[in-house]
Amino acid sequence: VFVTHDQEEALTMSDRIAVMSAGHVQQVGPPREIYEAPQTLFVADFIGETNLIDVTVTQVSGAVARLQLPGGAAMDCPAAPGARPGPGHLSVRPERLSLCAAGQGDLAAVMQDHVYLGTDTQLLMRLADGARLVVRQQAGSGAVPDPGAALGLRIEAGAARLLRSTDPHAEGGAHDIEAFGPVSTLMGYGDLDEAITLADKGKGSLVTTFATKDPKNAARAIP
């Protein structure tokens with residue numbers, strides 16, 4: 001059992017990841033899929049940084065949803081299994097948003113502040129309904145807008161993801177880890193004992209990484 005609270009480390013060393021919450025598997029897949037195509041609110045929020053946008057879903061057809069963004073703009077986007085019409089959450093990573101002129105793009109926003117991070121700059125934005133969004137702009141790619149500036153935000157094609165309407169455990173549909181075969185990484189918090197138990201089942205060359213936000217959990221698992 002390899003224990004870490006460093007998500008980047010877990011993502012880079014894994015072939016497949018099982019994300020767990022309260023002892024239940026939320027999603028299983030390759031690192032890129034887990035990051036780029038989260039299925040639940042927990043996975044989207046736990047893995048990396050994301051913007052969660054309240055939307056109204058008007059139609060779901062297979063793996064594609066039509067929805068209405070804040071401000072009224074309509075768009076089609078990939079939908080997670082279990083997404084349904086009605087109120088929903090759209091996940092968009094900060095690096096997949098870009099600035100454009102006011103009145104253009106998918107969302108209208110006002111610049112609030114910025115944080116210089118060296119390789120990029122974190123832009124803090126507000127929508128008309130007061131929701132906060134974060135945009136990551138690569139250093140040197142453009143001027144940083146002044147606070148109070150009205151702007152448009154453009155969502156990169158294919159970058160938005162409509163999340164599952166409810167938690168799989170609440171629906172009685174939580175995954176059984178046995179159904180997925182060998183998994184290289186388990187990520188989550190509060191599930192250390194279960195992670196160790198699963199690793200001890202020893203399916204072939206099963207290697208388990210457990211990502212936790214509590215360093216005390218890491219100390220409990222180190223032989």
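Author: Two strands are taken to pair if DSSP finds at least two bridges between them. Strands of a sheet pair through backbone hydrogen bonds, either parallel or antiparallel. Please note that the model shown here is predicted.

Reader: What is the order of the strands in the open sheet of 5 strands?

Author: The order is β6-β5-β4-β7-β13, and the pairing is antiparallel. At the edges lie β6 and β13 (161-162), each of which pairs on one side only. Between β5 and β6 there are 5 bridges in the antiparallel sense; Gln 68 has Ala 74, in β6, as its bridge partner.

Reader: Which residues have the most contacts inside the largest nonpolar core?

Author: In soluble globular proteins, nonpolar side chains tend to be buried together. Here the largest nonpolar core comprises 27 residues, and Leu 67, Leu 90, Met 125 and Leu 162 have the most contacts inside it. Strands that each supply at least two residues of this core include β4 (51-61), β7 (86-92) and β10 (120-127). A second, separate core has 8 residues, among them Ile 34, Tyr 35, Val 43 and Ile 47.

Reader: Which residues does Met 125 touch, not counting residues up to four places away in sequence?

Author: Among them are Leu 99, Val 110, Gln 112, Arg 132, Leu 151 and Leu 153.

Reader: Are Cys 77 and Cys 100 buried or exposed?

Author: Buried means under 20% relative accessible area. Cys 77 therefore counts as buried at 4% relative accessibility, and Cys 100 likewise counts as buried because its value is 10%.

Reader: How many disulfides are there?

Author: A disulfide is a covalent bond between the sulfur atoms of two cysteines. With a cut-off of 2.5 Å between the sulfur atoms, the count is 0 disulfides.

Key
Residues numbered from 1 in each chain as written. Predicted model: local features only at pLDDT ≥ 70, side-chain atom pairs only at ≥ 80, totals over all residues. Heavy atoms only, no water. Buried < 20%, exposed > 50% of the residue type's maximum accessible area, 1.4 Å probe, protein only. Core = buried A, V, L, I, M, F, W, Y, C linked by side-chain atoms within 4.5 Å. Helix = DSSP H or I, 4+ residues; strand = E, 2+ residues; numbered from the N terminus. Contact = heavy atoms within 4.5 Å.
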